[in-house]
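Please look over the sequence and the structure shown below before reading on. The report after them goes from the whole chain to single residues.

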Amino acid sequence: MRCGDDTQLYEMTAAPDGSFAADGIVFTVGSTYELSVQWTADGVTTNETLGSVDFNDEMTEPQIIWGAAGSSQDFGYFVQRVGNKQYRLTLTCYPVEVQVDAPPWMQPAQVEIDLRLNGDAGEPTATAVLDCEGESSYGNSSRTESIWNGTFYSEDVENGWEYDGETLPKYVVRVTDTNGDVWTEEMPLSKR
């Protein structure tokens, strides 16, 4: 493996399924690597170039696409004054949809979105557990796109959730894969 002027050799071991693996390889996001295989048989050493890899964020984690696939999702929120100081956020029943664009090695198992009215302080105001509405693979890298949607809803809230009117509300999405690994991303909401 070569990155710039630095060349590293790694010992490979054969697996029962016919594949080969090397331990200790470390890739750095933002670097380009030239990959090749070298083997020796009957005293003759042969090199074969495999190609180059531009190692980037998309290879290591899912990408969250808000308002997926032609959705009419609006990240706006309504505020209504109650008395002189208090606000309520009228999102007692509010649909949300995201698209998860996952690298080929990852299988999303669960997607949840928290509504946080007061930044990171305290517990989420509400959490929507989303359902997968379908997935498809694309491109040479076999990335998987899946559409997830659900609704913020509370039977206990009739006129909206209390909101201080000062802190910028946000969504925090959590994507959990089948291995139990969790990725998070935030999306600020804006007034409308």
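Predicted model: local features only at pLDDT ≥ 70, side-chain atom pairs only at ≥ 80, totals over all residues.

Residues are numbered from 1 along each chain as its sequence is written, and side-chain values use heavy atoms, with hydrogens and water left out.

**The chain**

The chain has 18 strands and 0 helices. Both are DSSP runs numbered from the N terminus: a helix is H or I over at least four residues, a strand is E over at least two. Of the 192 residues, 31% are buried. Buried means under 20% relative accessible area, exposed means over 50%, and partly exposed lies in between (1.4 Å probe, protein chains only). The chain exposes about 11900 Å², and 45% of this comes from carbon and sulfur atoms; the areas come from the Shrake-Rupley method with a 1.4 Å probe, and for residues only the protein chains shown count as cover. A contact means heavy atoms within 4.5 Å. Among contacts between residues at least 6 apart in sequence, 59% join residues at least 24 apart.

Strands S5 (residues 32-41) and S6 (residues 44-54) run antiparallel and are joined by 10 bridges. Two strands pair if DSSP finds at least two bridges between them.

**The core**

In soluble globular proteins, nonpolar side chains tend to be buried together. A nonpolar core is a set of buried Ala, Val, Leu, Ile, Met, Phe, Trp, Tyr and Cys residues joined through side-chain atoms within 4.5 Å. The largest one here has 22 residues, and Val96, Phe152 and Tyr171 are among those with the most contacts inside it. Strands supplying at least two residues each include S12 (108-116), S13 (126-138) and S14 (143-153). S11 gives the largest share, 5 residues.

Leu130, in strand S13, is also among the core residues with the most contacts. Leu130 touches Val96, Val98, Val111, Ile113, Trp148, Asn149 and Gly150, leaving aside residues up to four places away in sequence.

| Residue | Relative accessible area | Class |
|---|---|---|
| Ala102 | 0% | buried |
| Leu130 | 3% | buried |
| Glu97 | 15% | buried |
| Trp105 | 46% | partly exposed |

Ala102 lies in strand S11 (residues 93-102). Its contacts, not counting residues up to four places away in sequence, are Pro62, Pro108, Arg143 and Thr144. Glu97 is also found in S11, and its side chain makes a polar contact with the side chain of Asn149 (3.3 Å). A polar contact is a pair of N or O atoms within 3.5 Å; within protein, one must be able to donate a hydrogen and the other to accept it, and residues adjacent in sequence count only if both atoms are side-chain atoms.

**An aromatic pair**

Rings of Phe, Tyr and Trp (its six-membered ring) pair if their centres lie within 6.5 Å; planes under 30 degrees apart count as stacked, over 60 as edge-to-face and the rest as tilted. The count is 1 aromatic pair. The ring centres of Trp105 and Trp183 are 6.1 Å apart and their planes stand at 50 degrees, so the pair is tilted. Trp105 is in the loop between S11 and S12, and Trp183 is in strand S17 (residues 182-188), 78 residues apart.
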